[in-house]
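Subject: Structure handover

Hi there,

Here is the structure I promised to pass on to you. Please open it alongside this email, and I will go through what turned up.

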Amino acid sequence: MEKPHVDFGLKLLGGDIMSIPGLYQFVQETIKKKVVGLYLWPRILEIPILDGSIGVLKGPVGILHVRVIRAIDLLKMDFLGKSDPYVKLSLSCKRLPAKKTKVKRKDLNPEWNEVFKLIVEDPESQVLQLHVYDWEKVGMHGKLGMQEIPLRSLVPHEAKEFTLDLLKNTNSNDPQNKKQRGKIMVELTFNPFKEDTDTFTGPMSGNGRKESRVGVVSADADLSGAGLLSVMVQGAEDVDGRHHNNPYALIIFKGEQKKTKMMKKTRDPRWNEEFQFMLEAAPLDEKLLIEVISKRTWLGFRKKEALGYIDINLTDVVNNGRINEKYHLINSKNGMIHVEIRWNTI
């Protein structure tokens, strides 16, 4: 289980090129890294606990609209008594990059009026996290303050404005939180998806959540409105590369690209990864492209190799709310891919 020691020489035309100053260490470390990777076992041991289809049952239930209005009386961080503030916002329990406002230069009372949309999975427990920073051209950005807003305090479809004192952290016993750091004003609106509208009757605290009726679209549903397109790439079978088998899936929709993790040395990868696209209108007559690609894990020719692709028309997804199918990969002899796609409207 420990890294082996590897000793070697390298000669060219009778001369030991490893004696060249500076080259020995570079070449030795490069080759040793590759050789050790072949001998050290196991590097990854994956044990699936739940089938991928089970995880789909708990998914997005709505969209949180956040309008970052302004901040008041922020701390002076710069030498001239000013700050260059911006706000980062995110939802707890979501492994996604935080969204950011624009930077307001030399302003202790900045006004943004910027609107952001965040995907909500559990409004009973999730919290909106707001962090205000002082932008710096060089070095780390200074922290001006933070706040949190529990989503359970919201009434669905009703806009609610908050004016909150900025704190250093969430520890109520920290004496630093008594220091005046200014205030932040935001407006929040939680819009559940139509199939979940009956579930949340606000305030949401203590109401629980009924079983979602994903995939059920009423006859009079508005198919042209805004919503969330969720793509679950579960896995593939018999994807066979001529030169290597380290497959990952690339999802392309309306110019935006997202990809799964790479699975090493397998023809039957199991990704179980979900990707989401927020849209202002239903993707009628739009197509979703998914490519399966193998990538070489070390230096060499043919670094990437296409293993097949599918092109899915999303009209059926919009009309039915959900599809869960296995597709034959185009340009693959026997390869198949398992995909679940859902369309939720608000």
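This is a predicted model: local features need pLDDT of at least 70, side-chain atom pairs count only at pLDDT 80 or more; totals for chains, interfaces and linings use all residues.

For context, most residues other than glycine have a negative phi. N272 has a relative accessibility of 30%, so it counts as partly exposed.

K106 is another case, with a positive phi of about 50° although it is not a glycine. K106 sits in the loop between strand 5 and strand 6.

Next comes an open sheet of 4 strands, in the order 6-3-10-9, with antiparallel pairing. Strand 6 (111-120) and strand 9 (160-165) are at its edges, and each has a single partner strand, so one side of each has no neighbour in the sheet. From one strand to the next, the twist averages 25°. As a reminder, strands of a sheet pair through backbone hydrogen bonds, either parallel or antiparallel.

Strand 3 is mostly covered, with 8 of its 11 residues buried. Strand 3 pairs with strand 6 in the antiparallel sense over 8 bridges, and with strand 10 (residues 183-192), also antiparallel, over 10 bridges. Another pair to look at is R70, whose bridge partner in strand 6 is E111.

Is strand 4 largely enclosed or largely open? Strand 4 (residues 85-91) has 6 of its 7 residues buried, so the rest of the structure largely encloses it. Strand 4 is joined to strand 7 (residues 127-134) by 7 bridges, the two strands running antiparallel. In strand 7, S90 has Q129 as its bridge partner, and L91 has L128. Strand 4 is also joined to strand 5 (residues 99-100), by 2 bridges and again antiparallel. There, the bridge partner of L89 is K99.

**A proline in a loop**

P123 is located in the loop between strand 6 and strand 7. With a relative accessibility of 1%, against a cut-off of under 20% for the term, P123 counts as buried. P123 and F190 are 67 residues apart along the chain, and 8.7 Å separates their C-alpha atoms.

**The cavity**

Rolling a probe the size of a water molecule over the atoms shows where empty space is left. How many cavities of 30 Å³ or more are there? The count comes to 1, and the largest cavity has a volume of about 40 Å³.

The residues lining the largest cavity are I63, H65, K117, A226, G227, M278, L279, E280 and I346. Strand 3 (62-72) and strand 14 (270-279) are the elements that give two or more residues to this lining. By type, the lining residues of the largest cavity divide into 5 nonpolar, 2 polar and 2 charged. Domain 1 (62-192) and domain 2 (227-345) each contribute at least three residues to the lining of the largest cavity.

**Where to look**

- Strand 4, with its 7 bridges to strand 7 and its 2 bridges to strand 5.
- The lining of the largest cavity, including H65, K117 and E280.

Best wishes

Methods:
Residues are numbered from 1 along each chain as its sequence is written. Side-chain values use heavy atoms; hydrogens and water are left out. On a 1 Å grid over the protein atoms alone, a cavity is a set of points where a 1.4 Å probe fits but cannot get out, and a pocket is an open set with protein on both sides within 12 Å along at least five of seven lines; lining residues have an atom within 4 Å of a point. Grid points are joined across faces, edges and corners, and a volume is the space filled by probe spheres set on the points. Ala, Val, Leu, Ile, Met, Phe, Trp, Tyr, Cys and Pro count as nonpolar, Asp, Glu, Lys and Arg as charged, and the others, Gly among them, as polar. Domain bounds come from an automatic or database domain assignment. Two strands pair if DSSP finds at least two bridges between them. Axes are lines fitted to C-alpha atoms, for helices over the stretch in contact, and angles run from 0 to 180 degrees between N-to-C directions. Buried means under 20% relative accessible area, exposed over 50%, partly exposed in between (1.4 Å probe, protein chains only).
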